[in-house]
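I am opening a notebook on this structure and will write down what I look up, entry by entry.

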Amino acid sequence: MTLRIHNTLTRALETFSPLVPGHVRMYVCGMTVYDLCHLGHARSMVAFDVVQRWLKASGFRVTYVRNVTDIDDKIIKRALENGETIRALTDRMVEALHQDADALGIERPTLEPRAMDYVPQMLAMINTLQHKGLAYQASNGDVNFAVRKFPGYGQLSGKSLDQLQAGERVAVDDGKQDPLDFVLWKSAKPTEPDDAKWPSAYGVGRPGWHIECSAMGCELLGESFDIHGGGADLQFPHHENEIAQSQGAFGKPMAQIWMHNGFINIDNEKMSKSLGNFFTIRDVLQSFEAETIRFFIVRSHYRSPLNYSDVHLNDARGALKRLYTALSLVKPDEVVIDWSNPFAKRFQAAMDEDFGTPEAVAVLFDLASEVNRSLSSQLAGLLKALGGVLGLLQDDPQRFLQAGSDVDESLIEAQIAARAAAKAAKNFAEADRIRQELIAMGIVLKDAPTGTTWEDRKSTRLNSSHANISYAV
């Protein structure tokens with residue numbers, strides 16, 4: 001199969017082939033670390049974690065860079081409010097980010113550069129842009145990028161210069177030659193702390209947000225690399241400005257493919273700190289298992305909007321339990337994925353079509369149904385292995401399915417009785433339907449020796465938030 005990826009720049013699915021055969025270089029914009037990560041951040045981290053996992057599963061060597069923005073207006077403001085240094089604040093928030101990402105099964109990127117450590121590279125790029133006539137120093141001391149001097153500005157957002165606005169992080173200033181011009185170097189203000197200032201040929205100051213990623217991407221992956229990713233909200237102005245800076249400086253495309261994950265919405269509005277409608281990852285982990293949160297994200301396509309609610313997370317929990325229930329019925333073999341297997345082949349086809357996780361997850365459920373029917377340890381091993389490609393199903397099934405709440409045993413007993421009646425009437429389709437319904441609830445039915453009493457037939461609890469039970473019948 002051939003991997004195809006949707007390129008935001010061309011608005012089309014493109015066959016993927018890395019610039020260096022066998023080696024994929026990918027840069028993803030990370031977090032601005034002034035506060036805890038919210039579920040929108042989790043969506044981006046999980047989406048690109050799945051991307052890099054599939055690239056590796058496809059045989060590529062992957063250099064995955066996800067940066068940390070550790071110098072920014074919001075960071076300076078929060079550090080001053082807290083009475084702490086910028087480094088103390090950002091160190092603490094980076095550690096919290098790692099804890100949250102680890103909980104969600106997100107593999108660490110190959111490299112995790114912090115902006116503060118790359119200021120010399122940023123200044124060098126600004127100098128190159130100035131010498132090429134694409135940057136100028138304004139009367140207020142800031143150095144700005146001259147947007148209208150860069151042909152093709154707006155190609156990523158698909159709008160003409162006259163249609164574009166400055167963007168929320170681009171403050172229109174009297175010193176600018178054009179309202180769309182954006183800052184590369186910010187002149188220091190007297191109220192800013194010393195650890196937010198660097199000396200330069202342009203005076204004491206600090207880098208603008210956009211130049212940080214251009215410089216770090218170039219330094220760590222080269223002037224042109226394979227994939228640049230991030231949230232859809234970064235498409236403009238951040239990624240548009242990165243293209244202008246990097247292509248303006250080096251005369252070549254910054255990235256071959258641009259990928260953007262969709263938003264997480266609450267009441268059809270984007271979850272964000274600026275809107276105040278966000279839930280931190282830690283908030284949600286108080287009520288839901290980490291793997292449930294990951295599964296909630298993975299089962300939707302990375303480019304689609306994703307609506308957050310407890311109802312949707314509970315549904316994800318129940319669905320994930322069905323997969324774990326299949327793994328609890330028989331001990332999975334340790335298998336190396338045979339991609340010629342029909343289930344594996346369908347899974348591969350789904351992932352090769354722009355990382356189609358909804359279709360790939362559907363394959364997992366079909367495979368789980370077959371495990372339920374056949375009790376094949378080989379197929380259970382394949383289910384676990386394919387789940388692992390998505391960062392799922394690697395927990396011990398019994399631990400994931402441990403009791404979490406009371407169960408209505410009278411309802412279960414009525415269902416079991418109805419199934420027995422259906423079998424006696426040779427209505428095997430109905431009997432199988434009831435059995436599958438019970439499995440979906442996490443109720444496992446096992447044959448028992450003749451003469452076993454009802455109390456003896458109840459075995460230990462296996463399951464999770466529906467307090468599921470294994471019954472011998």
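In which sense do strands β9 and β10 pair, and over how many bridges? I looked this up in the model, which is a predicted one. β9 (residues 225–231) and β10 pair in the parallel sense, and the pairing runs over six bridges.

Strand β3 (residues 23–28) pairs with β4 in the parallel sense, over six bridges. There I noted Y27, which stands opposite V65 in β4.

Is β10 largely enclosed or left open? I checked its residues, 255–261, and six of the seven are buried, so the strand is largely enclosed by the rest of the structure.

Entry on the other sheet I looked up. Four strands form an open sheet in the order β5-β6-β7-β8, and here the pairing is antiparallel. The edges are β5 (135–137) and β8 (205–207); each has a single partner strand, so one side of each is left without a neighbour in the sheet. The twist in this sheet averages 20 degrees from one strand to the next. I followed β7 to β8 and found three bridges in the antiparallel sense. S187 is the residue opposite G205 in β8.

Entry on N144. I located this residue in strand β6. Is N144 buried or exposed? Its relative accessibility is 2%, so N144 counts as buried; the cut-off for buried is under 20%. I also listed what N144 touches, leaving out residues up to four places away in sequence: L134, A135, Y136, A138, G175, K176, D181, F182, V183 and L184.

Entry on aromatic rings. I counted 11 aromatic pairs. One pair I wrote out is F145 with F182, which is stacked, at 5.0 Å centre to centre and with 10 degrees between the planes. This pair links distant parts of the chain, since F145 is in strand β6 (residues 143–145) and F182 is in strand β7 (residues 182–187), 37 residues apart. Both F145 and F182 are buried. I also noted an aromatic cluster formed by W54, W339 and F347.

Entry on two helices. At what angle do the axes of α1 and α8 cross? I read roughly 75 degrees for helix α1 (residues 39–57) and helix α8 (residues 290–298), and the axes come within 10 Å. That makes α1 roughly perpendicular to α8. On the α1 side of the contact I listed L39, A42, R43, V46, D49, V50 and R53; these meet I293, R294, F296, I297 and V298 in α8. The residues of this contact divide into eight nonpolar, no polar and four charged.

Entry on backbone geometry. Most residues other than glycine have a negative phi, and most peptide bonds are trans, so I looked for exceptions. The peptide bond from F236 to P237 is cis, with omega near 10 degrees. P237 has its place in helix α6 (residues 235–250).

R11 is not a glycine, yet its phi is positive, about 55 degrees. I placed R11 in the loop between β1 (4–7) and β2 (12–15). At 41% relative accessibility, R11 counts as partly exposed.

F355 also has a positive phi of about 55 degrees and is not a glycine. It lies in the loop between α10 (342–352) and α11 (357–374). Is F355 buried or exposed? I found 2% relative accessibility, so F355 counts as buried.

Last entry, on the chain as a whole. The secondary structure of the protein chain comes to 16 helices and 16 strands. The chain has 473 residues, of which 54% count as buried. I also looked at contacts in the chain between residues at least 6 apart in sequence, and 74% of these join residues at least 24 apart.

Conventions. Residues numbered from 1 in each chain as written. Predicted model: local features only at pLDDT ≥ 70, side-chain atom pairs only at ≥ 80, totals over all residues. Heavy atoms only, no water. Axes fitted to C-alpha atoms, helices over the stretch in contact; angles between N-to-C directions. Parallel < 35°, antiparallel > 145°, perpendicular 65-115°, else oblique. Contact = heavy atoms within 4.5 Å. Nonpolar A, V, L, I, M, F, W, Y, C, P; charged D, E, K, R; others polar. Phe/Tyr/Trp six-rings, centres within 6.5 Å; stacked < 30°, edge-to-face > 60°. Buried < 20%, exposed > 50% of the residue type's maximum accessible area, 1.4 Å probe, protein only. Pairing = 2+ DSSP bridges.
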